[in-house]
Amino acid sequence: MDADIVCVGFGPATAGFLATLSRKLINPDGTPAVESTVAPGLPPQVLCYERADDLGFGVSGVVTRARALRTSFPDIDKAGIPMAAPVGEERVLYLLDPVGASRRSRTLRLADQFIHACRWALPFEREALHLPWTPGFLHKKGGLVLSLGQLLQWAGAQVQNTGAVQIWPGTPVAQALIENGKVAGVRLLDQGVSRQGAPAEGFTPGLDVHAALTVVGDGPVGPIGRQLDDLFGWPEKHHARDWAVGMKFVVDLPEGTPLQPGTVLHTFGYPEPEIFGFFYVHPDRVASLGIFVPSWFDSPVRTAYRYLQHWMMHPYLWHFLKGAKLRSWGAKTLGESGRRGEPRLAGDGYARIGEGSGSTNVLTGSGVDEAWATGAQLAEAVLELLKAKKPFTQENLQAAYVQRRRGSWVEREARAAEKSRDGFQRGVVTGLLGMALAGLSGGRLALPGRPLRPWQRIPSLEDYYRRRIPEGEARQIRDDCYARGVSAHAALMERAGWPAIPCDGQLLVSHQDALLMGGKVQAPHGYADHVAFVFPNLCQRCGTKLCVEICSGQAITPGANGVPNFDREKCVHCGACLWNCASASPENPERMAADFRAGAGGLHSAEN
Ligand SMILES: Cc1cc2nc3c(=O)[nH]c(=O)nc-3n(C[C@H](O)[C@H](O)[C@H](O)COP(=O)(O)OP(=O)(O)OC[C@H]3O[C@@H](n4cnc5c(N)ncnc54)[C@H](O)[C@@H]3O)c2cc1C
Ligand code: SF4
Ligand code: SF4
C-alpha cells in the first residue's frame, strides 16, 4: 500500500504532529491545500498506526504547563476534556521513613533526625516536611492537570474530524522498511502466528505501507526508534541509558476529601530515597498518583508495585487515601536521558519526534508538552516542504524540522536540563543538589556523574541485603520463591523489615488483583510474544533476574531452566524489561539479554 506520510504511534508527539498538520491540508472550500503524490487530486494521504487497542491507552501523570497544547488548541481550558483541571496548589514534600525499613544513607538519617528534633519549628506534618519554597523550574502554575488517556481520546477525535488523516489503533508496526539505506515506510505486524512468530492458522503477513515520510513517535521504548538507532547509530556522546518505570493508580478519593481539583503534590525520600512520587487531583474526587523507580536505584529487587503500596501507606498520603478505591492502574517507562538521549532526529525518509527523540525535560519532569511541541514543529516543517515540493531528504528535514526545533523553547530548556540529573548517578543527595544547581543556574552548573548499565551497578542479592538478612538466607528465600515460580521481592522486603500489606480489597490489593481490577490487560490472539529472551544462555547463568523482579505486570516469572517465562496476558507493555536486565547483549553493548519488540495488546484503559 502507498501513502504520503505514515506515523508510528499515537502519543502526545504524534497528536501534536497530526493536530497541526491536519488543519492545513485541506482548504476551507474542501480542495486540497497541497496535493498527494500517491492519490493525485486529493490531499496527502496521512496514516497513523497505534499499537494499543484504542487511542489514549497510554500511561502518564499528567501535570503540564500546556504551552504547546494551548498553541494547538487555544480553547483547551474550556474544551471540557474529562478529568482536566487547572493547576491549583503545588506542594513538594520530603517524606521521612515511618517504618524504619527504607535504605537510607548516614547523611539522610542525620537529616531525618534533625528534622524530627526541630519539627515544632518546621512545616512538618504526618512524617513529611513541606518544602517551604518550590523552585520556579518545578512549577506548573497556569498549567493543567490531565489524564493522558482522556487528552489523547479528545485530541484523536479533533484530528479525525478534519477528515484529513486516518488513525488506526490496534495496529502495531513491526519495523521500518529500509530501501537503499533510506526509510521507505513501515511493515505492520504479522497476524496468525505462533508465540514464536511462525506462521499458523489464519496467517496474514504484515502489510507493507510505503510512504515518502515516516514519522517515528513510538515513545521511549519504541521498537522502530531502536531499529533506526541500531541502523544509523547515535550522535557522538549520546545514548539512552537513564530510565525510570512510572507506575500509577487512578483512584476515587473518599467522600469529603479536603483535596481540591488541580492540587499537585510531588514527593521524594520514601519508600526509598531514590523513589519520587506524584499525586494529582482531577475533578469529581478522582486522583492520579504514583511513583518512579529509576535506573540509578541500585537494587536487585527493584519493584514498582510493592513500593507503590508502601508509598500510598505513608501517613501523609494515607491521610488522603484511606477509604479510596482503585479505578485504573498502569505502568510505563520514562526515558530519563533527556537531550543526551536524542538520537538522529531526521534522515532520508524519516523524522523522530517525542520522548523517543529525547524531548522529555528531565529537570522539570515534563514530557507531554515537549513531545507535543516537537510533533507540531515537524508538522510545520512538513507543510513547508510539501508546499515547496521538496522531497523528505535528510538535508531538507534537517533544515526545516531540526533547525526549527533547535530554535525553540524545547531545545533551550532541554539544554539547561541536560546535565541536571547526572549527580543521581552518585547518590540521592548529590542528585538533589545537582538538580537544584542546574535549575537555579539555568543549566550552567551541575554535579557530574556517569550513567552505568545495570550489570555495572546492580549489586548481588547478598551484597544488597548484607546488613539486613543473614548471609545465605536471602538466597534461600529467593530460591524458595523461584521454585514456586514467583518473584522474590515481596518475601525479601518483608524479611528486611517492610511491613506486610494489609490488603483491603479496594485500594491495597494484590498485584494480580490490580491486573484484573485496574489494568484491564488485553492480549489479542495470533500475535507473537513481544518479550523475548534472546540469549537464553545468559539467562541461565544470570543470578540477578532483574527482569523478574521489576516486571510491572508479573508477566515475567522464574522459569524451570533459569530462562524466565513470559505471559502475554499479563503484560502491560511498560517496557521496563528492556532496560532491567543484568546481562549485556554480546552483539550490542547498548542492548541486553531481554528484548522488548513490537507487540499487540496491553492496557485497556483510557483513564491513565
Ligand atoms: C507514570 C508517568 C507519569 C508521567 N507524568 C508526567 C507529567 O506529570 N507531566 C508530563 O509532562 N509528562 C509526564 N510523563 C511523561 C510523558 O508521559 C511522556 O513524556 C509523553 O507521553 C511522551 O509522549 P510521546 O508521544 O513521545 O510517547 P508516548 O506517550 O510513549 O507514545 C508513544 C505511542 O507509540 C505507541 N507505539 C509504540 N510502539 C509502537 C509500534 N511499534 N506500533 C504502533 N504504535 C506504537 C505507543 O503505544 C504509544 O501510544 C509521565 C510518564 C509516566 C510514565
Ligand atoms: S533477561 Fe536479563 S535479567 Fe532476566 S534472566 Fe535473562 S539475563 Fe537475567
Ligand atoms: S513483560 Fe510487560 S509488564 Fe513486564 S516489564 Fe516487560 S513490558 Fe513491562
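A crossing of two helices is called left-handed if the near helix is turned anticlockwise from the far one by less than a right angle, and right-handed if clockwise. By this convention, the crossing of helices α1 and α8 is right-handed. The model described here is a predicted one, in which local features need pLDDT of at least 70 and side-chain atom pairs count only at pLDDT 80 or more, while totals for chains, interfaces and linings use all residues. Residues are numbered from 1 along each chain as its sequence is written, chains are lettered from A and ligands numbered from 1 in the order in which they are written, and side-chain values use heavy atoms, with hydrogens and water left out.

Helices and strands are DSSP runs numbered from the N terminus (helices: H or I, at least four residues; strands: E, at least two). Helix α1 covers residues 12–22 and helix α8 residues 368–387; the two pack at an angle of about 35°, with their axes 6 Å apart. The axes are lines fitted to C-alpha atoms, for helices over the stretch in contact, and angles run from 0 to 180 degrees between N-to-C directions. Among the residues that meet across this pair are F17 and L21 in α1 and W372 and L383 in α8, where contact means heavy atoms within 4.5 Å. By class, the contact of α1 with α8 has 14 nonpolar, three polar and one charged residues. In this grouping Ala, Val, Leu, Ile, Met, Phe, Trp, Tyr, Cys and Pro count as nonpolar, Asp, Glu, Lys and Arg as charged, and the others, Gly among them, as polar.

In helix α5 (residues 223–232), the buried residues are I224, G225, R226, L228 and D229. These buried residues pack against several strands, including β1 (2–8), β14 (208–216) and β25 (594–596). Just after α5, G233 takes a positive phi of about 80°. Helix α9 (residues 394–406) holds V402, which is buried with a relative accessible area of 2%. Leaving aside residues up to four places away in sequence, V402 touches L345, A346 and L397. V402 and R352 are 50 residues apart in sequence, yet their C-alpha atoms are 9.7 Å apart in space.

Turning to the strands, β3, β8 and β4 form an open sheet in the order β3-β8-β4, with antiparallel pairing; two strands pair if DSSP finds at least two bridges between them. Strands β3 and β4 (85–86) stand at the edges with a single partner strand each, so one side of each has no neighbour in the sheet. Two bridges join β3 to β8 (residues 144–145), and V63 has V145 as its bridge partner in β8. A parallel arrangement is found elsewhere, where four bridges join β2 to β9. Here V46 stands opposite V165 in β9. Strand β9 (residues 165–168) has V165 and I167 on its covered face and Q166 and W168 on its uncovered one.

Some backbone details also deserve a look. Most residues other than glycine have a negative phi, and most peptide bonds are trans. The bond from G61 to V62 is cis, with omega near 5°, and V62 is found in the loop between β2 (46–49) and β3 (63–64). A cis bond also runs from Y270 to P271, with omega near 15°; P271 is found in the loop between β16 (264–268) and β17 (276–281). N180 is not a glycine but has a positive phi, near 50°. N180 lies in the loop between β10 (173–179) and β11 (182–188) and counts as exposed, at 78% relative accessibility. K545 likewise has a positive phi of about 50°, but K545 is buried, with a relative accessible area of 8%. Its place is in the loop between α17 (536–541) and α18 (546–550).

K545 also belongs to the surroundings of ligand 2, which include C539, C542, C547 and C581; a residue is near a molecule or strand if one of its heavy atoms lies within 4 Å of it. The shell around ligand 2 has 10 nonpolar, one polar and one charged residues. Around ligand 3 there are 14 residues, of which C551, C571, C574, G575 and C577 come nearest. That shell divides into 10 nonpolar, four polar and no charged residues.

Note on methods:
Buried means under 20% relative accessible area, exposed over 50%, partly exposed in between (1.4 Å probe, protein chains only).
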